[in-house]
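This briefing is meant to be read with the sequence and the 3D view side by side. Please keep both open while working through the points below.

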Amino acid sequence: MKSPEKAEGVNRIVKSPEEFTNSSPQSSLLERLKEYSHSDFYPFHMPGHKQADLDFPNPWSVDITEIEGFDNLHHAEGILQDLQREAARLFGAEKSFLLINGSTCGLLAAVSACVKRGGKLLMSRNCHKSVYHGVYLRDITPVYAIPPVTEFGIMGSLPPEAVEEALTKDADIQAVLVVSPTYDGVVSDIEGITEVCHRHGVPLIVDEAHGAHFPFSEQFPASAVKLGADVVVQSLHKTLPAFTQTALLHLCSHRVEEGRLKQFLGIFQSSSPSYLLMASMERCMTLLHQEGPKRFLDFHLLLKDFYKKCQGLSRIRLFSGQGEAHCFDYDYSKILISAASLGLSGQDLYRILLDKYHLQMEMASGHYVLALTSLMDRAEGFHRLAEALFQIEAESALGRPGGITKAMEDADIISSEELYQIPHQTMTITRALELPGKVVPLEASGGATSREFIYLYPPGIPLLAPGEQIEDRLLHTILRIRESGLSLKGLSDMTNTRINIVNS
């Protein structure tokens, strides 16, 4: 393997995957982090700064609390107020709020501010688990809209017609929440959905956590901030150079009461906000202001060159979104790669790229892997990924695709249609969690009402939520997920063999 290029201020040394992944159990977290940062593993994953050196001071020297001259996030009237005003100007919002508890706290606050306790929320079934937590905390009745599945086998765009149908059918819905872009980069017609929502007199919340980069290049879809949404939540750390856990909430209209929004932000944000995180947001915005146009142009050229090279692949498929049914638009910085025609599952491809080529993907699903990229990525990473894919494809012609020859039809690949069903709701999430429960073997839970969430994480979309009936088809899918080795989360039983159900 060629020596990796030198990153911005980062000296990388070659370290075998065995040496890194088999580090001593006694090694500290900090030691493991340092090992990874100095290894030759390339980060096709969050955070968006990609371990670059952005001239940030020693964190110990600038870690403070609310002291004289540094303002208070929960009552910003000085330097932090100025920073929030700059965020609003830069991202095009009426008002913006710094989030140091991630997009999670922004979504919790938005749901709480827009829907009264005990009210109804129309939400995409593929919402992040934080939205479901907001539904629980506010005893909200969710009304689900499930996006159709694309030919590639991922969840597609939510059509405005689905929102129209739901709002026409149920006049008690108080707000709508959609995810755009999805974790896989699929974008919905936010302008069309906004028109429907406002015609019915309800606000639209957009979880744009994975689209914070949209406002800064015409090569990406337009941001919901510009398309009429009322509240937009963005994670800076996912696709922009900011520390993990940093995000913004944009208030874009007067349909949502600012006072209520700030009230709930005060509840869901830490009372000791990190000045390190806020300073990293400022550093990110400074970079976007000073260097954004050139960096995004360079980023676009790297992506364009990578996709052009990969057109030479004959059996490995990259999702483009172009001409794909149920895909209104697509963020091409999310690179979805399927080697299904080589007989490789997503987990197979993930392990080959990690173990043999030292390329750390963001996520593996049933039949594909996801590589997250950002304006901080380097030519080295795209070159190594393209070379790896061509080599994997070439080796498959010799009957040894990365050393794995298990046929895809024997790998029991699970489709998105099977993953994201809408089980029958026997009661609200809140009621299910407040009723007595009992723990039973997962295999024996068919027909019962769940008291737990079951997620595939990432991206944190529930397969099953409290208050929903464990139907046989869904149970069969969950058991297959467990056996396939995908990351099943949420059950209080860490072995994923037992589930807590409502004790009826």
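Which strands does H7 lie across, and at what angle does H7 run to S7? Helix H7 lies across strand S5 (173-179) and strand S7 (204-207), and its direction is at about 155° to that of S7. The model is a predicted one, and its mean pLDDT over the protein chain is 91, with 90% of the residues reaching 70 or more.

**Confidence**

- Over residues 1-14 the pLDDT stays under 50, and for this stretch the model has 32 contacts beyond four places in sequence.
- Residues 402-411 also have a pLDDT below 50, and this stretch has 15 contacts in the model beyond near neighbours in sequence.
- Where pLDDT is low, the predicted coordinates should not be read in detail.

**The sheet of seven strands**

- Seven strands form an open sheet in the order S2-S9-S8-S7-S5-S3-S4, and the pairing between them is mixed.
- Strand S2 (95-99) and strand S4 (141-145) stand at the edges with a single partner strand each, so one side of each has no neighbour in the sheet.
- From one strand to the next, the twist averages 20°.
- Strand S8 (residues 231-235) and strand S9 (residues 247-251) run antiparallel and are joined by five bridges, and within this pair Val 233 stands opposite Leu 249 in S9.
- Helix H3 (residues 79-91) packs on the sheet, where it touches S2, S8 and S9, and its direction makes about 120° with that of S2.

**The sheet of three strands**

- Another open sheet has three strands in the order S18-S17-S19, and their pairing is antiparallel.
- Strand S18 (461-464) and strand S19 (488-489) are at the edges, each with a single partner strand, so one side of each is left without a neighbour in the sheet.
- Strand S17 (residues 454-456) is joined to S18 by three bridges, the two strands running antiparallel, and Tyr 455 has Pro 462 in S18 as its bridge partner.
- Helix H15 (residues 472-484) packs on this sheet and touches S17, S18 and S19, with its direction making about 120° with that of S18.

**Charged pairs and a surface patch**

- Side chains of opposite charge can pair when their charged atoms come close.
- A search of the whole structure finds 20 salt bridges, including one between Glu 164 and Arg 199, whose closest N and O atoms are 2.7 Å apart.
- Glu 164 lies in helix H6 (residues 160-169) and Arg 199 in helix H7 (residues 190-199), so this pair ties together parts that are 35 residues apart in sequence.
- On the surface, Leu 29, Leu 30 and Leu 33 form a nonpolar patch with about 350 Å² of accessible area together, and Leu 33 has its place in helix H2 (residues 29-37).

How values were computed: Residues are numbered from 1 along each chain as its sequence is written. This is a predicted model: local features need pLDDT of at least 70, side-chain atom pairs count only at pLDDT 80 or more; totals for chains, interfaces and linings use all residues. Side-chain values use heavy atoms; hydrogens and water are left out. Patches are made of residues with over 30% relative accessible area and no salt bridge: like charges are joined within 9 Å, nonpolar side chains (Val, Leu, Ile, Met, Phe, Trp, Tyr) within 5 Å. Accessible areas come from the Shrake-Rupley method with a 1.4 Å probe; for residues, only the protein chains shown count as cover. A salt bridge is a side-chain nitrogen of Lys or Arg within 4 Å of a carboxyl oxygen of Asp or Glu. Helices (H or I, at least four residues) and strands (E, at least two) are DSSP runs, numbered from the N terminus. Two strands pair if DSSP finds at least two bridges between them. Contact means heavy atoms within 4.5 Å. Axes are lines fitted to C-alpha atoms, for helices over the stretch in contact, and angles run from 0 to 180 degrees between N-to-C directions. pLDDT is the predictor's confidence in each residue, from 0 to 100.
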